[in-house]
Amino acid sequence: MAVLSMLSFGLLGIVPAVLAALQPGPPFVRLDKNDAMVIVADHQEGLFQIVRDFEPVTFRQNMIAHSAIAQLFNLPIVITTSAETGPNGRLPKEIASMYPSAPLIRRNGEVDAWDNEEFRSAVRAQNKTQIILGGITTDVCTEFLALSLRAEGYTVFANTDASGAMTDKLAADANQRMRDAGVILQGTFAITADLMRDWRNTPGSQQVLPWYDTYLPAYGFLARVHKAAVQNGTLLPGEEAL
């Protein structure tokens, strides 16, 4: 009888712990292509020179890919530059040529783009609540704007592939501050995958795989290998056992 009592007492202690573990966690905030927009913040040829947490070739590709997300998913885009005629430099022609008619806000003083009235109006005019943001530098142009947008009630997805800093530590500190403010940190692959949701959607594999081949070659070449295997696949001796 004493043993049964002890077992019952033990079970009573376990049940609350199990129930507590089964409580719903934080909501999974998903990107919605019908409620999202892209912001390019100070992706400029001069500022590009001070990015040290990426190799230059990689970061150039990442900047252009960030802008191209809007084309792939037909999202509105707002572009802003800072002190364009000074050392920060101009917007790369690869980005400018993608969106000749998109709002381009040339700030001449404001460090935080949200402090610029024309920029605020351009963002609000898109009537979206989710913002995909990339900028140089991570700890200034991306972080300041992301925190301002959060204060305004926007859901912000900071593209960590498309934001560069002068050191890894500065990037880590900025990302932590943004994370603490509820900014969602994701890379280009995660952002595009969530916008797509399903390979059978449109945009789906037919549109996204060629885009990956151009802007995310690690996955693009994965698809190429699969194509080659299907079209002309021949097993080497020993591969059949893998």
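Helices (H or I, at least four residues) and strands (E, at least two) are DSSP runs, numbered from the N terminus. This is a predicted model, in which local features need pLDDT of at least 70 and side-chain atom pairs count only at pLDDT 80 or more, while totals for chains, interfaces and linings use all residues. Residues are numbered from 1 along each chain as its sequence is written, and side-chain values use heavy atoms, with hydrogens and water left out.

**First stop: helix α5**

Select residues 138-151, which make up helix α5. The helix has 14 residues and reaches 18 Å from its first C-alpha to its last, close to the 20 Å expected at 1.5 Å a residue; the expected span is 1.5 Å times one less than the number of residues. Is this helix enclosed by the rest of the structure, or open? It is largely enclosed, because 10 of its 14 residues are buried. Buried means under 20% relative accessible area, exposed over 50%, and partly exposed in between (1.4 Å probe, protein chains only). Among the buried residues of α5 are Thr138, Asp139, Cys141, Leu145 and Leu149.

Next, display the surroundings of α5. Its buried residues pack against β1 (36-41), α4 (117-125), β4 (130-135), β5 (155-159) and α6. Then move to Gly153, which follows α5 and has a positive phi, near 100°.

**Second stop: Asn159**

Select Asn159, which is placed in strand β5. Asn159 is buried, with a relative accessible area of 0%. Which side chains make polar contacts with the side chain of Asn159? One is that of His66, at 3.1 Å, and another is that of Thr188, at 3.2 Å. A polar contact is a pair of N or O atoms within 3.5 Å; within protein, one must be able to donate a hydrogen and the other to accept it, and residues adjacent in sequence count only if both atoms are side-chain atoms. Leaving aside neighbours within four places in sequence, Asn159 is in contact (heavy atoms within 4.5 Å) with His66, Ile69, Leu133, Gln186, Gly187, Thr188 and Ile191.

Side chains of opposite charge can pair when their charged atoms come close. The structure holds 11 salt bridges, each being a side-chain nitrogen of Lys or Arg within 4 Å of a carboxyl oxygen of Asp or Glu.

Select Glu84 and Arg106, a salt bridge whose closest N and O atoms are 3.1 Å apart. This pair links distant parts of the chain, 22 residues apart: Glu84 is in the loop between β2 (77-82) and α3 (93-96), and Arg106 is in strand β3 (residues 104-107). Arg106 is partly exposed, with a relative accessible area of 48%.

Now select Asp213 and Arg224, which form a salt bridge with the closest N and O atoms 2.8 Å apart. Here too distant parts of the chain are linked, with Asp213 in helix α8 (residues 205-215) and Arg224 in helix α9 (residues 217-232), 11 residues apart. Asp213 is partly exposed at 26% relative accessible area, and Arg224 is partly exposed at 42%. Salt bridges that share partners join Arg30, Asp194 and Arg197 into one network. Arg197 is partly exposed, at 43% relative accessible area, whereas Asp194 is buried, at 8%.
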